[in-house]
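The following exercises are to be worked with the sequence and the model in view. Each task is followed by a solution in steps.

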Amino acid sequence: MVKIYSAIQMMFISVALTAIGSVISNIESLSGLGSIMSIVGGIMTIAALYRLRHENSHFSKAIRLFWIYMGLTLLLVILAAAMLVSIVSDESYNSAALVWAIALLVMAVIVLILALAMQYQLYSGFEELRALRNLDYPPKRIMWCFYLALISMIVSVISISGITALVISSAAGGDTALTAAAHTIDMAGNIMLVFGTMMEAIHLWLIFTFMQSAKAALENETPEGWS
């Protein structure tokens, strides 16, 4: 249980770093620090998951999905760079540019689905861990971490789609329409920042309370029962 508690504690710290990093990265003077904190948080998440990989099949699936996710993300970056080079070297629009764009879109959707699948396996692993270790934690509550990620993803897609449609419709309206659209986009960005902060706060609370239940289970064990 000592190993499990330390891994959950590391997970909480990683989520906190990622949450704080994502918020302060919106501040221009602190964007670099925010990015570093998010990267460190991601590394700590994988380290915690690696420690838990033998606890149940969900954790082992999550770590495998992570490596596939990383590989496809790297491929996505390479494709984006190749498309940029292709566009810069050939200023005329051609069918190849459309092919690149479609390939990037398909790859981005696959990466997004993999990220959600990884989180589902991660928090399903915590749910199974709760049952196996008899943690004093409400059943299925930890799965809300996954549901929050899913809700945030849906809201982000809707927001991006709306902004794209707004920009396209405003382009034909001249400078006045574009200025109004810019103010609307700025307001939408502030709303999304508040929404994201609220989601991260709930996420942190869920992980923290799960960590506290693991701590209580650890304190109730005898030294001979520690694993």
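Two residues are in contact here when they have heavy atoms within 4.5 Å. The model is a predicted one, in which local features need pLDDT of at least 70 and side-chain atom pairs count only at pLDDT 80 or more, while totals for chains, interfaces and linings use all residues. Residues are numbered from 1 along each chain as its sequence is written, and side-chain values use heavy atoms, with hydrogens and water left out.

**Exercise 1. Describe the surroundings of Ser22.**

Step 1. Ser22 lies in helix H1; helices (H or I, at least four residues) and strands (E, at least two) are DSSP runs, numbered from the N terminus.

Step 2. Relative accessible area, computed with a 1.4 Å probe on protein chains only, sorts residues into buried (under 20%), exposed (over 50%) and partly exposed (in between). Ser22 has 29% relative accessibility and therefore counts as partly exposed.

Step 3. Apart from neighbours within four places in sequence, Ser22 is in contact with Ser38 and Glu200.

Step 4. Gly196 is 174 residues from Ser22 in sequence, yet their C-alpha atoms are 8.8 Å apart in space.

**Exercise 2. Determine whether the span of helix H1 agrees with its number of residues.**

Step 1. The expected span of a helix is 1.5 Å times one less than its number of residues.

Step 2. Helix H1 covers residues 2-24, so its 23 residues should span 33 Å; the end C-alpha atoms are 33 Å apart, in agreement.

Step 3. The buried residues of H1 include Ile4, Tyr5, Ile8, Met11 and Ile24.

**Exercise 3. How are the axes of H1 and H2 placed relative to each other?**

Step 1. Axes are lines fitted to C-alpha atoms, for helices over the stretch in contact, and angles run from 0 to 180 degrees between N-to-C directions.

Step 2. The two axes, of H1 and H2, come within 7 Å and cross at roughly 160°. H1 is therefore roughly antiparallel to H2, a term for angles over 145 degrees.

**Exercise 4. Locate Glu55 and name its partners.**

Step 1. Glu55 sits in the loop between helix H2 (31-51) and helix H3 (57-89).

Step 2. Not counting residues up to four places away in sequence, Glu55 touches Lys3, Ile4, Leu129, Leu132 and Arg133. Among these, Ile4 is a buried residue of H1.

**Exercise 5. State the secondary structure of the protein chain.**

The chain has six helices and zero strands, and 33% of its 227 residues count as buried.

Note on methods:
Parallel < 35°, antiparallel > 145°, perpendicular 65-115°, else oblique.
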